[in-house]
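Subject: Structure handover

Hello,

Here is the structure you are taking over. My notes come after it.

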Amino acid sequence: MLAVVPPPVTVRVPSKINLHLSVGDLRKDGFHELITVFHALSLTDEVTVAAAEDPGIEVYGEGEGSVPTGANNLAWRAVQALAGYVGKDGGEPKVRVVLRKGIPVAGGMAGGSADAAATLVGLASLWKLDIGRDDLAEIAAKLGSDVPFALYGGTALGTGRGERLVPVLSRHTFHWVLAFDQRGLSTPRVFGELDRLRADGDPPRVGSHAPVVEALASGDPRQLALLLGNDLQAAAVSLRPGLRRTLRAGVNAGALAGTISGSGPTCAFLCADAQSALEVAAELAGAGVCRTVRVAHGPVPGARLVGGDDLP
Ligand code: ATP
């Protein structure tokens, strides 16, 4: 008798920016305590998982040449983690994972984490697992601190290393322009640069996250624009001084404010509305200060099956 092969499953997953990112001092274990407000954007990756005799990863799209296709791809680590969780560890899981990337690689927008989250959601469906988003979030947290947020999306306060999440009420759709840089920046390198800057002096630190949370509840982009803040910005700009020019160009083009997303180098510009975002994007694209420009809005939901039932 022929075995029935389940149809492939495709999942769409958002990128993230950090509306607020406060970085604590370096701990003895080498990590930094973070307080961050994550915001999921409509700039997405699509991940397809399929049963296959030749397991592996294929990558297409944004930055495809710089994404590993072996065991150190975060999506493949998600395959192995879920296989282990459900007791499928007898050898390499027989799945093929296809990543269609729209999220810039090493751009501070958590693209690898997004792919891992999407892979968990896709496999839970492909393997018909009786497992909910909260169970997947426990596996996700072990894969990386940004992975749980990519599962839930929306806007959320993240603490610890970013993996402990509480949803934040956000009443409004906010419109963004994203400027991708020529090359990515390594996250550990940016944290290292912040430690160096702090050892040499006392770069200003972002204040409390509370006003950002209030601005999100009010839904006023002008209020939010005044409060965007990221402790990693000084470090990213120190490593990539040209980002200062990009940030200035976005505001000169009409954005309400600009910030570096996460560890950079992607710059995110908050705009007054959708029309303004299109105008800012057009002007920024012609300013010669970045590789590519995209418009996006947020908040959007986390990893979701494309055209199918969803997880509990
Ligand atoms: P974060 O902000 O979460 O630190 P990032 O958005 O700056 O991450 P990613 O795009 O997640 O950066 O990738 C960081 C590195 O991880 C890449 O340089 C790449 O070598 C590796 N990587 C592993 N898996 C993936 C993946 N699925 N997509 C992109 N990069 C991946």
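Below are the findings, starting with the domains and ending with some backbone details.

Please keep in mind that this is a predicted model.

Domains

The chain splits into domain 1 (9-169) and domain 2 (174-298). Their C-alpha centres are 23 Å apart, and the contact between them takes 27 residues from domain 1 and 33 residues from domain 2. On the domain 1 side, S1, strand S2 (32-51) and strand S5 (155-160) each supply at least two of the residues that touch domain 2. That side consists of 18 nonpolar and 9 polar residues, with no charged residues.

The largest nonpolar core has 94 residues; those touching the most other members are Ala75, Ala117, Leu120, Trp176, Val177, Leu270 and Leu284. Domain 1 and domain 2 each contribute at least three residues to this core. In soluble globular proteins, nonpolar side chains tend to be buried together. Leu120 has contacts beyond four places in sequence with Ala78, Leu82, Leu136, Ile139 and Ala140.

UniProt, in an unreviewed entry, places "domain: GHMP kinase C-terminal" at residues 213-286. Over residues 213-286 the chain is 55% helix and 15% strand, and the end C-alpha atoms lie 34 Å apart.

Annotated active site

The unreviewed UniProt entry puts the feature "active site" at Lys16 and Asp146. The two are spread over 131 residues of sequence but cluster in space, with a largest C-alpha distance of 8.9 Å.

Lys16 sits in strand S1 (residues 9-26). It counts as buried because 32 C-beta neighbours fall inside 10 Å, against a threshold of 20 or more. Apart from neighbours within four places in sequence, Lys16 is in contact with Phe38, His39, Ala40, Leu41, Met109, Ala110, Asp146, Phe149 and Ala150.

Asp146 is in the loop between helix H3 (133-143) and helix H4 (147-152). With 28 C-beta neighbours inside 10 Å, Asp146 is buried as well. Its contacts, again leaving aside neighbours within four places in sequence, are Lys16, Ala110, Ser113 and Gly162.

Ala110 belongs to the loop between strand S4 (95-101) and helix H2 (111-126). Its phi is positive, about 60°, although Ala110 is not a glycine.

Leu151 lies in helix H4 and is buried, with 27 other C-beta atoms within 10 Å. Not counting residues up to four places away in sequence, Leu151 touches Ala117, Arg133, Leu136, Ala137, Ala140, Gly302 and Ala303. From Leu151 to Leu126, 25 residues apart along the chain, the C-alpha separation is 17 Å.

Which residues of helix H9 (residues 242-252) are buried? They are Leu243, Thr246, Leu247, Ala249 and Gly250. These residues are on the same side of H9, because they cover an arc of only 160° around the axis. An α-helix has 3.6 residues a turn, so residues three or four places apart point the same way. Arg245 and Asn252 are exposed on the other side of H9. The cover over the buried residues of H9 includes strand S7 (174-180), helix H8 (233-239), strand S9 (257-260), strand S10 (267-271) and helix H10 (274-285). After H9 comes Gly254, which has a positive phi near 115°.

Other backbone details

There is a cis peptide bond from Gly264 to Pro265, with omega near 5°. Pro265 is in the loop between S9 and S10. The bond from Gly298 to Pro299 is also cis, with omega near 5°, and Pro299 is in the loop between strand S11 (292-298) and strand S12 (304-305).

Lys128 is a residue other than glycine with a positive phi, near 50°. Its place is the loop between H2 and H3. Is Lys128 buried or exposed? It counts as exposed because it has 8 C-beta neighbours inside 10 Å, and the limit for exposed is 12 or fewer.

Regards

Conventions: Residues numbered from 1 in each chain as written. Predicted model: local features only at pLDDT ≥ 70, side-chain atom pairs only at ≥ 80, totals over all residues. UniProt positions renumbered as here; feature names shortened; annotations may be inferred. Helix = DSSP H or I, 4+ residues; strand = E, 2+ residues; numbered from the N terminus. Contact = placed C-beta atoms within 7 Å. Core = buried A, V, L, I, M, F, W, Y, C linked by C-beta atoms within 7 Å. Domains from an automatic or database assignment. Nonpolar A, V, L, I, M, F, W, Y, C, P; charged D, E, K, R; others polar. Arc of directions from axis to C-beta.
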